[in-house]
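Hi,

Here is the structure I promised to pass on. Have a look at it first, and then read on for what turned up.

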Amino acid sequence: MTRSQGLDLAGFERLLDAWGADLTRWPAEERHLAEVLLRDSEAARTAQAAARRFEALLDSARVPEPALDLAARIVSALPVKQSRRRAAAWPFATPLVPALGWAAAAALGLFVGSSGVSELDLFSAMPDDGAQQASFDQDDDVDDTDDSSELDDLALGVVLPAEDE
Amino acid sequence: MATLDLQAPLVLGLDSAAFGRVREGGPEEHLTVAADDPALMERVAVGDASAYRILVDRHLRGLHAFVYRMLGNRAEAEEVCQESFLRLWTEASRYVPRAKLTTWLYRIGHNLAVDRLRRRREGGKGPDPDELPDSRRPSSILQDKELSQAVQVALDALPERQRAALVLVHYQGMSNAEAAEVLAVNVRALESLLARGRRELRESLAQFQEGRQS
């Protein structure tokens, strides 16, 4: 067995199998050891030549070109993707979501309109104006800097039509 | 060693009318074929079909060669390419440029090819390479023009991972580290796959060459 700076012929052949005959693809340290071995060893040169012939044999395996229209088929089969920018401006997953919302609102309106519920009925549960004013007066004594809640805002929206009467 | 220039733009008979059916990129950002893969993938992630088209041009031939050598069948290789690029389109937002795009794309192609090979086995069918001679033994192929088929048949006979390792490194020109990443193994495991694969191929093809000489 030939030895050269730690790399013998058997080791060289193992590395040929792992990294191939082209020493430029080898890690630098092993490449250096192999170059030294090749300089000294006829058997190593024979092994490398055999590895090169084997790789040339592999290269004889031809691959057919992809069909000329394959790229076009790939692109034409593309599902349209929503861009992120467009998605940011349109926060719903699909156009169906707001459409369903509008449909539900319309159905509610039709129901209210057709069920005979009058304005008076709607506001019958509201306090009368005096009680309302008393409530406002009382509120003047209360710190109102930040007591509003979502529920308060909704209640205010109901009171305003009553004031128009 | 045969290598493929995976970065070179390719002309593959693209049908420009077909591209018109998907959304093109906005005029504010012009892409050229010189744009690098990560930049193109950013555009693909937001639905830019023109960037996608450039990537298809750039990588289709290499991916097709890899998958064909895994499957030995042109029609199946084309189907896997189509599915691989479709996944590239739909999953583009998950691509992290830490890895080369080819690594990511070839891993998709490899997984899809292995799925098909598994289905072949479960279906009791052997490999189905194109235009096989009557016998699948390489030594039975007597004419020089069939040497290519003999090598493909020998490749088909290798275990899948050995075959994939050899194809990625020898034919696709990947480094051992890149190929290891595609196959999700460490470099030492890849070197072991390569060494065993080369030894088996050498024996198989030596039989073929003996058959030709006798």
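A quick word on terms before we start: helices (H or I, at least four residues) and strands (E, at least two) are DSSP runs, numbered from the N terminus. This is a predicted model, where local features need pLDDT of at least 70 and side-chain atom pairs count only at pLDDT 80 or more, while totals for chains, interfaces and linings use all residues, and side-chain values use heavy atoms, with hydrogens and water left out. Residues are numbered from 1 along each chain as its sequence is written, and chains are lettered from A and ligands numbered from 1 in the order in which they are written.

**Chain A**

Chain A has nine helices and two strands, and along the sequence they run β-β-α-α-α-α-α-α-α-α-α. Of its 165 residues, 27% count as buried; buried means under 20% relative accessible area, exposed over 50%, and partly exposed in between (1.4 Å probe, protein chains only). Its accessible surface is about 11300 Å², with 59% of that belonging to carbon and sulfur atoms (areas come from the Shrake-Rupley method with a 1.4 Å probe, and for residues only the protein chains shown count as cover).

Please go carefully with parts of this chain. The mean pLDDT of chain A is 69, and 54% of its residues reach 70 or more; pLDDT is the predictor's confidence in each residue, from 0 to 100. Over residues 118-165 of chain A the pLDDT is below 50, and beyond near neighbours in sequence this stretch has eleven contacts in the model, a contact being heavy atoms within 4.5 Å. Where pLDDT is low, the predicted coordinates should not be read in detail.

Now for some places to look at. A:Ala10 sits in helix α1 (residues 9-19) of chain A, and it counts as partly exposed because its relative accessible area is 25%. From A:Ala10 to A:Ala47 is 37 residues along the chain, and their C-alpha atoms are separated by 9.9 Å. Helix α2 (residues 28-40) of chain A has 13 residues and spans 19 Å from first C-alpha to last, close to the 18 Å expected at 1.5 Å a residue; that expected span is 1.5 Å times one less than the number of residues. In this helix, A:Leu33, A:Ala34, A:Val36, A:Leu37 and A:Leu38 are buried.

**Chain B**

Chain B has nine helices and zero strands. Buried residues make up 52% of its 214 residues. Residues 24 or more positions apart account for 66% of the chain B contacts with a separation of 6 or more; for chain A that share is 52%. The accessible surface of chain B comes to about 9800 Å², and 48% of it belongs to carbon and sulfur atoms.

Helix α2 (residues 37-45) of chain B has several buried residues, including B:Asp37, B:Leu40 and B:Arg43. What follows α2(B)? That would be B:Gly47, with a positive phi near 90 degrees.

Further along, B:His110 belongs to helix α5 (residues 101-122) of chain B. Is B:His110 buried or exposed? B:His110 is buried, because its relative accessibility is 5%. Not counting residues up to four places away in sequence, B:His110 touches B:Phe66, B:Met70, B:Ala164 and B:Leu183.

B:Ala184 lies in the loop between α8 (176-183) and α9 of chain B. B:Ala184 has a positive phi of about 60 degrees although it is not a glycine, and at a relative accessible area of 56% B:Ala184 is exposed. In helix α9 (residues 187-213) you will find B:Arg196, which counts as partly exposed because its relative accessibility is 36%. B:Arg196 and B:Leu158 are 38 residues apart in sequence and 9.5 Å apart in space, C-alpha to C-alpha.

**The cores**

A nonpolar core here is a set of buried Ala, Val, Leu, Ile, Met, Phe, Trp, Tyr and Cys residues joined through side-chain atoms within 4.5 Å. The largest one has 68 residues, of which B:Tyr52, B:Leu183, B:Leu190 and B:Leu201 touch the most other members. Helix α3 (residues 49-71) of chain B gives the most to this core, with 13 residues. A second, separate core of 17 residues includes A:Leu7, A:Ala34, A:Leu38 and A:Ala47. Leaving aside neighbours within four places in sequence, B:Tyr52 is in contact with residues of both chains, among them A:Ile74, A:Val75, A:Leu78, B:Val44 and B:Trp89.

Cheers
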